[in-house]
There are 2 protein chains.
Amino acid sequence: MGKLKSNIERTSDMHIAPQKIRTGLSHMSHNTIAFPEIKAIESEINNALSDSEGTIREMCSHISGSGGKRIRPLLVLYCGLVFSKPSGSLEKAAVSAELIHMATLVHDDIIDDSEIRRSRPTLNEVWGNHSSVLCGDYLFAKAFGILSKNKLYKSLALMVEAIDSMCNGEIQQAQNRFNKSMNLEIYYEQITKKTAKFLECCCKSGASIGNADERQTAIIGKYGLNLGLAFQIIDDILDFRGDEDIMGKPKGEDLRQGIITLPLIILKNSDKYGPLANDIINKKILSEKDYAVLNDLLANTGSIEQSHNIALSHIDQALLCLKSLPDTPYREVLSNLAEALRFRQN
Amino acid sequence: MGKLKSNIERTSDMHIAPQKIRTGLSHMSHNTIAFPEIKAIESEINNALSDSEGTIREMCSHISGSGGKRIRPLLVLYCGLVFSKPSGSLEKAAVSAELIHMATLVHDDIIDDSEIRRSRPTLNEVWGNHSSVLCGDYLFAKAFGILSKNKLYKSLALMVEAIDSMCNGEIQQAQNRFNKSMNLEIYYEQITKKTAKFLECCCKSGASIGNADERQTAIIGKYGLNLGLAFQIIDDILDFRGDEDIMGKPKGEDLRQGIITLPLIILKNSDKYGPLANDIINKKILSEKDYAVLNDLLANTGSIEQSHNIALSHIDQALLCLKSLPDTPYREVLSNLAEALRFRQN
């Protein structure tokens with residue numbers, strides 16, 4: 001894995017952007033942090049997909065060329081590097097995690113009938129649903145093939161756990177659409193299953209390859225879980241507050257689809273505006289004015305701020321987990337990865 | 001695996017039906033052959049899916065309750081039993097193969113927008129595309145989870161190979177729809193990838209668990225490959241000649257979708273009727289009369305008969321492979337499985 005440099009650079013070429021999150025809450029200016037291993041990971045992903053044939057190869061090239069934050073493979077990699085030297089195994093496990101992520105995105109785009117992802121047409125838009133469903137399946141198989149070929153059985157079991165969890169979480173979320181009784185407990189269960197568990201499994205995958213002991217693996221898993229919770233909560237905030245151009249989707253899309261996320265749950269529970277918010281949310285069809293009122297309430301009642309504080313508390317918990325791990329340069333990188341999330345804007 | 005009886009019974013309760021294939025070619029009467037292990041496999045499939053949660057559990061129960069021929073798990077099982085005693089590992093590998101098959105069926109039904117499979121509504125019809133895509137993904141993960149948990153790494157690698165092949169084969173078939181230059185070579189490549197390879201991998205999976213040596217594994221794989229080719233060719237014949245009630249789909253559906261299969265390829269190549277058939281096939285839109293003419297040509301020019309003979313030759317090749325394997329009672333079962341295919345009618 002000689003291509004992976006073990007340094008942290010500050011540069012303008014970063015995936016997790018430096019600007020303040022547009023919630024009016026953040027108050028730090030922040031230089032950009034680059035994770036130089038991303039380039040090596042990109043190259044390894046392309047390499048892994050280069051033995052695909054014909055159309056599947058074109059499809060894989062299209063999706064891998066669309067970029068992405070590559071958070072999952074970075075987590076696998078860095079969590080391994082906290083405990084061990086760079087290795088081909090770590091790289092393979094990292095790439096597999098990204099292939100699984102890519103497979104879920106391909107299937108998500110079919111489900112949502114999305115035409116654009118990351119400013120490029122989706123696979124289903126270019127090649128149709130038929131080939132896209134199969135390409136997703138191919139990517140799952142490819143990931144398991146890499147893990148199996150490299151005898152990364154612990155990582156393989158973790159990826160199975162992650163997919164199982166994601167499928168259940170996504171279905172649960174779909175079933176809770178327009179659920180008037182949506183509450184904090186259900187929300188947490190959903191975001192844990194659909195997002196945080198995968199990040200936890202990525203961290204454990206890397207740590208297991210780095211031969212971390214059981215206690216260390218559990219701790220680094222908890223770091224990943226909290227990072228995942230923060231990541232999803234910020235995602236849900238950005239759905240109300242993000243820049244549409246940067247996010248690549250219109251504001252308030254979750255609510256329009258009946259997905260009740262943390263800011264709305266907090267608003268629903270507020271003494272003063274809860275009843276009004278509930279009256280609106282419980283309507284069968286919301287008007288544009290209803291959406292505008294909800295947006296005003298979210299901004300002016302502190303629901304967004306409270307949600308963001310909860311996200312920050314998960315980042316703090318993630319950072320706390322790191323303190324009981326070996327004090328290596330890569331522990332610092334994991335810390336930077338969590339810190340960078342404070343300023344996530346897409 | 002005490003539940004699996006090591007006997008062969010003749011009974012009316014069978015999945016591979018006894019009647020002659022309706023091609024006018026078969027001339028044997030045949031008692032029904034039951035594979036009593038099917039019941040144990042059904043029970044193990046239900047058992048494997050019993051730890052699923054909520055909706056996914058309901059979906060899995062719906063699909064596993066829809067039955068099926070269970071050819072893939074039977075192949076895993078019997079190919080293992082040729083070389084070794086019954087074992088939990090064989091059973092797990094068998095179940096995993098069926099779960100992967102189920103996953104591909106779920107995704108196929110979404111792709112084809114099918115409403116009915118095996119006389120029951122499809123998952124997408126009951127739960128929608130969203131949950132169905134995820135349920136397919138879940139089944140893939142479940143299969144790999146079982147293989148990984150039971151350390152069946154060789155079987156796992158074989159299942160990866162099978163999925164890879166199926167995805168490529170299905171996409172290739174989709175791309176060759178309405179391909180005027182469709183020929184025998186492309187057809188064979190397609191059916192090998194989309195159908196026969198999976199059966200080959202199932203056979204090798206069982207044999208590897210039974211500790212067959214490399215030569216034996218290759219031979220039993222060739223048995224499975226030929227069985228798969230015969231299976232698919234007969235499937236393609238049944239599309240023209242099958243009983244619509246038994247097949248559960250209208251006749252000539254492949255051609256309507258632009259899928260040119262063996263009987264048509266043979267007809268296209270015939271000196272006398274090839275030009276007429278090509279003229280019809282190459283039309284942009286075929287009328288009902290065109291379909292009727294093609295059906296008459298297929299029946300009266302011997303194209304169906306030739307296709308069936310080719311399928312039978314693959315059954316013969318499969319049987320020939322068995323001759324160089326240890327002469328055990330389960331070699332006889334594999335032989336019966338191939339023989340039963342001669343009379344497949346759904």
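Residues are numbered from 1 along each chain as its sequence is written, and chains are lettered from A in the order in which they are written. Because the model is predicted, local features need pLDDT of at least 70 and side-chain atom pairs count only at pLDDT 80 or more, while totals for chains, interfaces and linings use all residues.

We may start with chain A, which has 15 helices and two strands; these are DSSP runs numbered from the N terminus, with helices being H or I of at least four residues and strands E of at least two. Of its 346 residues, 51% count as buried, a residue being buried if 20 or more other C-beta atoms, placed from the backbone, lie within 10 Å of its own. Contacts are pairs of residues whose C-beta atoms, placed from the backbone, lie within 7 Å. Among those in chain A between residues at least 6 apart in sequence, 73% join residues at least 24 apart.

Helices α4 (residues 88-111) and α7 (residues 184-209) of chain A pack with their axes 9 Å apart and at an angle of about 165°; axes are lines fitted to C-alpha atoms over the stretch in contact, and angles run from 0 to 180 degrees between N-to-C directions. α4(A) and α7(A) are therefore roughly antiparallel, the term for angles over 145 degrees. On the α4(A) side the contact is made by S89(A), L90(A), A93(A) and A97(A), and on the α7(A) side by C202(A), S205(A), G206(A) and I209(A). By class, this contact has five nonpolar, three polar and no charged residues. Here Ala, Val, Leu, Ile, Met, Phe, Trp, Tyr, Cys and Pro count as nonpolar, Asp, Glu, Lys and Arg as charged, and the others, Gly among them, as polar.

The same surface serves both copies, as 100% of the contact residues of chain B recur in chain A.

The contact takes 33 residues from each of chain A and chain B. On chain B, α2 (54-64), α4 (88-111), α5 (123-149) and α6 (153-175) each supply at least two residues of the side that touches chain A. That side has 17 nonpolar, 11 polar and five charged residues. L134(A), in helix α5 of chain A, counts as buried with 27 C-beta neighbours inside 10 Å. Apart from neighbours within four places in sequence, L134(A) is in contact with C167(B), E170(B) and I171(B).

How values were computed. Contact = placed C-beta atoms within 7 Å. Parallel < 35°, antiparallel > 145°, perpendicular 65-115°, else oblique. Buried ≥ 20, exposed ≤ 12 C-beta atoms within 10 Å, placed from the backbone.
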